[in-house]
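Student: I am new to this structure. Please take a close look at a single part of it and walk me through what packs around that part.

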Amino acid sequence: MSTARSFAAIAVATRYAAFAVLATVVNVATQLVAIALYEGGNELYVAMAGGTATGLVTKYLLDRRWIFGVRKEPLPGNAVRFAAYSTTGVLTTLLFWAVELGFAQLGDSVWLPITGACLGLSIGYTAKYHLDKRFVFARIRP
């Protein structure tokens, strides 16, 4: 691999990691707000759903433009790509939820599921990059 390609790969990996951290912060912040505001049953599940939605949209917009280089795309094509992006996220989301719920079982602290969410998201985003590169943005090379 040439030096220029190595630097380009490092730049993509660095951006991807930064965006994963940002989407994780958005997800966790949404969960904390939901837990603070929602007083019904199943608070954690409501928080997880809200966090997943905000994290998904944030990560899609960043990945689409800055990782896979899709600058402009007609609305129908963008909708199809978002649906494919969401589909690849199903398995990684289930993984992240399983880790978060597993940590929640360890005790009553609000920080246990948040710690699990951060760990699950980091594992999930690593897998998701490879899925998205192969199935969602296959014709576009970063």
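Tutor: Helices (H or I, at least four residues) and strands (E, at least two) are DSSP runs, numbered from the N terminus. This is a predicted model, in which local features need pLDDT of at least 70, side-chain atom pairs count only at pLDDT 80 or more, and totals for chains, interfaces and linings use all residues. Residues are numbered from 1 along each chain as its sequence is written, and side-chain values use heavy atoms, with hydrogens and water left out.

Let us look at helix H4, residues 111-136.

Start with its buried side. Buried means under 20% relative accessible area, exposed over 50%, and partly exposed in between (1.4 Å probe, protein chains only). The buried residues of H4 include Pro113, Ile114, Gly116, Ala117, Gly120 and Leu121. Further along, Gly124, Tyr125, Lys128, Tyr129, Asp132 and Val136 are buried too. H1, H2 and H3 are among what covers them.

Now the partners. Axes are lines fitted to C-alpha atoms, for helices over the stretch in contact, and angles run from 0 to 180 degrees between N-to-C directions. Contact means heavy atoms within 4.5 Å.

Take H3 (residues 75-104). Its axis and that of H4 come within 7 Å and cross at roughly 155 degrees. Angles over 145 degrees count as roughly antiparallel, so H3 and H4 are roughly antiparallel to each other. The contact of H3 with H4 has 17 nonpolar, seven polar and four charged residues. Here Ala, Val, Leu, Ile, Met, Phe, Trp, Tyr, Cys and Pro count as nonpolar, Asp, Glu, Lys and Arg as charged, and the others, Gly among them, as polar.

Next, H1. The axes of H1 and H4 come within 10 Å and cross at roughly 145 degrees. On the H1 side, the contact includes Val12, Tyr16, Ala20 and Leu32. On the H4 side, Trp111, Cys118 and Tyr125 are among the residues that make it. By class, this contact has 13 nonpolar, three polar and one charged residues.

Zoom in on Tyr125. Leaving aside neighbours within four places in sequence, Tyr125 is in contact with Tyr16, Ala20, Ala23, Thr24, Gly55 and Lys59.

Tyr125 also belongs to the largest nonpolar core, which has 18 residues. A nonpolar core is a set of buried Ala, Val, Leu, Ile, Met, Phe, Trp, Tyr and Cys residues joined through side-chain atoms within 4.5 Å. Those with the most contacts inside this core include Tyr16, Tyr125 and Tyr129. H1 (3-37), H2 (43-67), H3 and H4 each supply at least two of its residues.

Asn42 is in the loop between H1 and H2. Asn42 has a positive phi of about 60 degrees although it is not a glycine. At 52% relative accessibility, Asn42 counts as exposed.

Notes
Angles under 35 degrees count as roughly parallel, over 145 as roughly antiparallel, 65 to 115 as roughly perpendicular and the rest as oblique.
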